[in-house]
Amino acid sequence: MPDTEQYLVLIGDLEGSRDLPRREREAAQQALKRTLQQIASHRGAGEIASPPTITLGDEFQTVYHSAARIFLHIWQVQAALHPLAVSYTHLRAHE
């Protein structure tokens, strides 16, 4: 049986963003975009298999080779968007 590589997929979503006034939503989206770019620019030791990507408006995902920095990245997103809430709906291992 061949060895298969496993990945961790983190999917997050900015909660209640559709209810925000337009300017606040745009500011939150820009803060999210900047933070994800910062995370992508510090890719270390091959931990990230696919860089953070905004998939649908305020939803984003990152694919990891290991869990070494997942919680750091969650904290960075939370801090950048505070006081808005971010929900993380998926943290799954895939082959």
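Okay, so let's start with the helices: helix 1 and helix 2 cross in a right-handed way. Bear in mind that this is a predicted model. What residues make the contact between the two? From helix 1 you've got Ala28, Ala31, Leu32, Thr35, Leu36 and Ile39, and they meet His73, Gln76, Val77, Ala80 and Leu81 of helix 2. Sorted by class, that contact has 8 nonpolar residues, 3 polar ones and no charged ones.

Now the geometry. Helix 1 covers residues 22–41 and helix 2 covers residues 70–81, and their axes come within 9 Å, crossing at roughly 150 degrees. Angles over 145 count as roughly antiparallel, so that's what we call helix 1 relative to helix 2.

On to the strands. Strand 1, residues 7–14, is mostly covered, with 6 of its 8 residues buried. How many bridges join strand 1 to strand 3? There are 6, and the two strands run antiparallel, strand 3 being residues 59–64.

Last stop is Ser66, which sits in the loop between strand 3 and helix 2. Buried or partly exposed? Ser66 comes out at 27% relative accessibility, so we call it partly exposed. Leaving aside residues up to four places away in sequence, Ser66 touches Leu8 and Glu47.

Key
Residues are numbered from 1 along each chain as its sequence is written. This is a predicted model: local features need pLDDT of at least 70, side-chain atom pairs count only at pLDDT 80 or more; totals for chains, interfaces and linings use all residues. Side-chain values use heavy atoms; hydrogens and water are left out. Axes are lines fitted to C-alpha atoms, for helices over the stretch in contact, and angles run from 0 to 180 degrees between N-to-C directions. Helices (H or I, at least four residues) and strands (E, at least two) are DSSP runs, numbered from the N terminus. Angles under 35 degrees count as roughly parallel, over 145 as roughly antiparallel, 65 to 115 as roughly perpendicular and the rest as oblique. A crossing is left-handed if the near helix is turned anticlockwise from the far one by less than a right angle, and right-handed if clockwise. Contact means heavy atoms within 4.5 Å. Ala, Val, Leu, Ile, Met, Phe, Trp, Tyr, Cys and Pro count as nonpolar, Asp, Glu, Lys and Arg as charged, and the others, Gly among them, as polar. Buried means under 20% relative accessible area, exposed over 50%, partly exposed in between (1.4 Å probe, protein chains only). Two strands pair if DSSP finds at least two bridges between them.
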